[in-house]
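Here is a set of questions and answers on how terms are applied to a protein model. Look at the structure, then read on.

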Amino acid sequence: PVLDICRHLLDAFPRCKNTLKIPGVILLDRPDILSGSKPVNCILKFLDTLLPRMQFIVNLSEKNILLFPNHLKQKQLHLPEKKTTPLKKQPVKKVTPGSIFVIDIDGKLPNLALMKLSSYYKDKGRKVLLLSNDTCIKGAYKIFASSIFNKPSSAKSIKKLKKFYGESLILGGSGVDISMRLSQKVEKMPADYTLYPELGNRAIGFLTRGCPFHCPFCLVPEKEGKPRQVSDLDSLLKRKRDKLILLDDNILSHPRANDFLEELASRCVRVNFTQTLDINLIDKEKANLLKKVNCSNIKFTRRNFHFSLNDNKRLEQIKENYNLFGFVAKDNVEFVCMYGFNTTLAQDVERFRFLRSLPGAYVFVQQYQPVINGSQPRLENFFDEKVDKNINELIKIVFPQNMKSMEKYYRWLSKRYSHAFNKVHMGLVDTIFKYNNRHRKGEYIATLSGTRKL
């Protein structure tokens with residue numbers, strides 16, 4: 001019992017510096033039976049010493065109640081006082097009359113359109129204030145808001161902004177209207193980097209826009225059209241910036257892709273291809289050029305390649321293209337894998353197993369988010385008769401990097417499984433909580449439907 005208690009405490013409070021001094025309540029049902037030949041009063045004395053801030057509620061036989069130490073009966077445990085920290089008042093942003101508000105509703109990256117709008121209006125002598133999510137402040141001359149994603153949380157923020165700002169709100173972004181464009185005057189403006197000082201010496205922008213393919217889950221072909229060049233490195237790397245977050249939709253599909261890669265390599269630009277590279281378009285020349293480019297992660301703390309793999313088509317060809325790079329196990333090659341669109345569980349397992357076979361490759365998963373007027377998920381046949389076997393195979397696929405990302409897929413899968421079969425797949429749940437947040441495992445199980453059929 002003592003070891004059990006300590007194990008549960010350590011699991012529940014992994015970051016606590018002194019777990020044995022945590023206050024709480026422990027229920028002991030017939031510890032006299034559990035203690036075997038050892039007198040129960042010895043066990044209780046030991047627990048009282050070991051856990052001085054615990055309140056014990058004990059159920060004993062009549063015989064052992066008589067043997068219960070009197071000094072323990074008389075002891076009382078005072079409840080700890082709740083410490084209340086006064087809420088810090090958020091500083092009120094000062095609004096200069098005639099200011100322009102630009103609102104970044106849901107972007108995970110600095111919003112380039114808002115940065116250009118800021119430059120445009122600052123050039124006209126206006127003050128520009130960047131707000132986030134659904135911030136509502138009075139006193140603006142004009143309000144521009146951008147929503148990148150078409151998801152419930154964004155819709156909620158948009159509703160609030162519309163209610164507060166009314167017709168003064170000018171709303172755009174891929175999550176709202178893919179046909180809306182900045183005016184040519186604004187589009188030609190340089191980005192205002194003072195809006196996002198966290199960028200430091202990183203530049204952000206497009207060399208090219210557009211993509212020739214028409215993937216059913218993607219809005220780029222409709223929004224941007226065919227590939228075209230929209231800028232150059234000199235324009236993007238002004239003010240001595242040597243790190244570039246490149247937002248291009250599919251740079252490798254542009255006819256001058258090799259020229260762009262050659263220039264990036266020769267100028268020693270550290271570049272993050274944040275929208276990933278199309279591995280289907282890789283040939284020997286492109287692979288050699290990309291190996292010369294200093295490809296980095298978004299924080300520019302390590303060398304990193306970014307590809308995507310959203311289905312199971314042409315896996316053998318992808319393997320051949322991948323092998324042109326000569327990657328080894330210590331390399332960092334991230335594959336963004338979409339799920340929840342039109343693949344089955346068996347196909348997902350095959351895809352992850354395939355990536356695990358590639359040296360240096362690991363997975364970053366993203367759930368499909370329907371775009372405006374886009375295709376809805378097609379998951380009617382997601383599970384087949386081998387569902388349990390497939391899940392058991394899935395949880396055996398372990399990547400040396402970024403397994404935290406795979407937990408998102410496990411959680412999504414466990415909820416679909418529970419909903420479909422009215423039971424919990426405990427092997428999958430055990431895998432989710434194998435390393436992180438073990439103390440929340442029971443709470444998570446309780447959120448799944450059909451928990452009665454464990």
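Q: What makes F307 count as buried?
A: F307 has a relative accessible area of 0%. Buried means under 20%, exposed over 50%, and partly exposed in between (1.4 Å probe, protein chains only), so F307 is buried. This is a predicted model, in which local features need pLDDT of at least 70, side-chain atom pairs count only at pLDDT 80 or more, and totals for chains, interfaces and linings use all residues. Residues are numbered from 1 along each chain as its sequence is written, and side-chain values use heavy atoms, with hydrogens and water left out.

Q: How do you know that F335 is buried or exposed?
A: The relative accessibility of F335 is 0%, so F335 counts as buried.

Q: Why is the pair of F217 and F341 called edge-to-face?
A: Rings of Phe, Tyr and Trp (its six-membered ring) pair if their centres lie within 6.5 Å; planes under 30 degrees apart count as stacked, over 60 as edge-to-face and the rest as tilted. The centres of F217 and F341 are 6.0 Å apart, with 80° between the planes, so the pair is edge-to-face by that rule. Both F217 and F341 are buried.

Q: What makes the pair of F307 and F335 tilted?
A: The ring centres of F307 and F335 are 5.5 Å apart and the planes stand at 35°, so this pair is tilted. F307 is in strand β13 (residues 305-308) and F335 in strand β14, so the pair ties together parts 28 residues apart in sequence. Strands (E, at least two residues) and helices (H or I, at least four) are DSSP runs, numbered from the N terminus.

Q: What makes R351 lie over the face of F352?
A: A charge sits over a ring if NZ of Lys or CZ of Arg is within 6 Å of the ring centre and within 35 degrees of the ring normal. R351 lies over the face of F352, at 5.7 Å from the ring centre.

Q: How do you know that the buried residues of α12 line one face of the helix?
A: In helix α12 (residues 284-292), the buried residues are K286, A287, L289 and L290. Seen down the axis of α12, they fall within an arc of 165°, so they line one face; the arc is that of the directions from the helix axis to the C-beta atoms. On the other side of α12, K284 and K292 are exposed.
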